[in-house]
Amino acid sequence: MLQRRPEETILIALDVASLEQAKAVVQAVGERAIGYKVGSELFTRCGPAAVGFLKEQDKEVFLDLKFHDIPNTVAGAVAAAAELGVKMLNVHASGGMEMMRAAARAAGESESRPRVLAVTVLTSIDQTILSEEVGCKRALEEQVLNLAKLASAAGLDGVVASPKEITIIRENLGPDFLIVTPGIRPAWAAKGDQKRVMTPAEALRAGADYIVIGRPITASPNPRDALERIIAEISESNS
Ligand code: C5P
């Protein structure tokens, strides 16, 4: 398999509140950036224009809207996202097999054929919340793995997984199942509200296909330089 360039593994989280801010960030980061993640805040404020802008700039888009609804509605939402030309999008695995199959089918029938990822258990949910509020009897790690397997069986392309889940998912789901990992911090960056983090190189070495990095790049006084440092860090660890 051809080795991917480091910049191809990076998705920059564009967590801003207006199209103007999004444009300023993309401009400041510059040409080396290949992919951006658009989440609920930017999409709810600006809608398809945010995706349209990124596509005009020749950027790839991961639309992180975590669809979770009845199968028919999710299929419609996936078809709509595919029409925008996004490269990746996601759904909640807890929506179940039929919902995920509907998502996979809608993506497969579209012209742009985006990759569909599953969100397993949100990292804001700990064992206590899972047991006492969600009412799930399984251990958290087992539930993550169980939902990842369900996603794979439903025909989805991969999962969004935290750094500590990469190894177990890679071991159990094989080499072709995509793993996209947020919670990434270069050694030199502030952790912010992220608790369990890995560096970009550590996450890729553990088996992630893509790493999601936001503030270490977007909130840097020099976003272009921050991205270059991350790319260099990954290259060095590969050599
Ligand atoms: O700025 P930062 O690098 O922390 O951004 C990480 C991005 O990944 C944010 O968009 C955040 O919502 C998302 N994310 C996360 N942790 C998860 C799932 C998603 O940080 N477990």
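The secondary structure of this protein comes to 11 helices and eight strands. The model is a predicted one. A compact globule of 239 residues would have a radius of gyration near 18 Å, and the protein has 17 Å, which agrees. Along the principal axes, the C-alpha atoms fill a box of roughly 45 × 40 × 35 Å. Buried residues account for 51% of the 239 residues.

Start with strand β3. This strand covers residues 60-67. Six of its eight residues are buried, so β3 counts as mostly covered, with buried meaning under 20% relative accessible area. Which strands pair with β3? One is β2, residues 35-39, which runs parallel to β3 and is joined to it by five bridges. Within that pairing, G39 has D64 of β3 as its bridge partner. Another is β4, residues 88-92, which also pairs with β3 in the parallel sense, here over three bridges. Two of the residue pairs can be named. L63 has L89 of β4 as its bridge partner, and F62 has M88 of β4. From β3 the chain crosses to β4 through helix α4, residues 71-84, and this β-α-β crossover is right-handed.

Now follow the chain into β4. Is this strand enclosed or open to the outside? Five of the five residues of β4 are buried, so the strand is largely enclosed by the rest of the structure. In a regular strand, side chains alternate between the two faces of the sheet. Take the two sides of β4 in turn. M88, N90 and H92 lie on one side, and all are buried. L89 and V91 lie on the other, and they are buried too. Both faces of β4 are therefore covered, each of these residues falling under the 20% cut-off.

β4 also pairs with β5. Strand β5 spans residues 115-119, and the two strands run in the parallel sense over five bridges. M88 stands opposite R115 of β5. Recall that M88 is also the bridge partner of F62.

Helix α5 takes in residues 97-109, and E109 is found in it. Is E109 buried or exposed? E109 counts as exposed because its relative accessibility is 63%. The C-alpha atoms of E109 and S220 are separated by 40 Å, and the two residues are 111 residues apart along the chain.

The loop between α5 and β5 comes next, and R113 lies in it. R113 has a phi near 45°, a positive value in a residue other than glycine. R113 is exposed, because its relative accessible area is 55%, and the cut-off for exposed is over 50%. A second residue with positive phi is D58, at a value near 65°, and D58 is likewise not a glycine. D58 is found in the loop between α3, residues 48-56, and β3. Its relative accessibility is 70%, so D58 counts as exposed.

Turn to the open space. Rolling a probe the size of a water molecule over the atoms shows where empty space is left. The largest pocket holds about 1,200 Å³ of space. Its lining has 39 residues, and the closest to the pocket centre are T123, S124, P182, G183 and Q194. What classes of residue make up the lining? There are 14 nonpolar, 12 polar and 13 charged residues.

Several elements contribute to that lining. β2, β3, α7 (140-153), β8 (210-213) and α10 (215-218) each supply at least two residues. The largest share comes from β3, with three residues. Thus β3 returns here: mostly covered as a strand, and a contributor to the lining of the largest pocket.

The tour ends in helix α11, residues 223-238, where D225 has its place. D225 has a relative accessible area of 38%, so D225 is partly exposed.

Key
Residues numbered from 1 in each chain as written. Predicted model: local features only at pLDDT ≥ 70, side-chain atom pairs only at ≥ 80, totals over all residues. Heavy atoms only, no water. Buried < 20%, exposed > 50% of the residue type's maximum accessible area, 1.4 Å probe, protein only. Helix = DSSP H or I, 4+ residues; strand = E, 2+ residues; numbered from the N terminus. Pairing = 2+ DSSP bridges. Right-handed = clockwise from strand over helix to strand, strands pointing away. 1 Å grid on protein atoms, 1.4 Å probe; cavity = no way out; pocket = protein on both sides within 12 Å on 5 of 7 lines; lining within 4 Å. Points joined across faces, edges and corners; volume = space filled by probe spheres on them. Nonpolar A, V, L, I, M, F, W, Y, C, P; charged D, E, K, R; others polar. Rg over C-alpha atoms; globule rule 2.2 N^0.38 Å.
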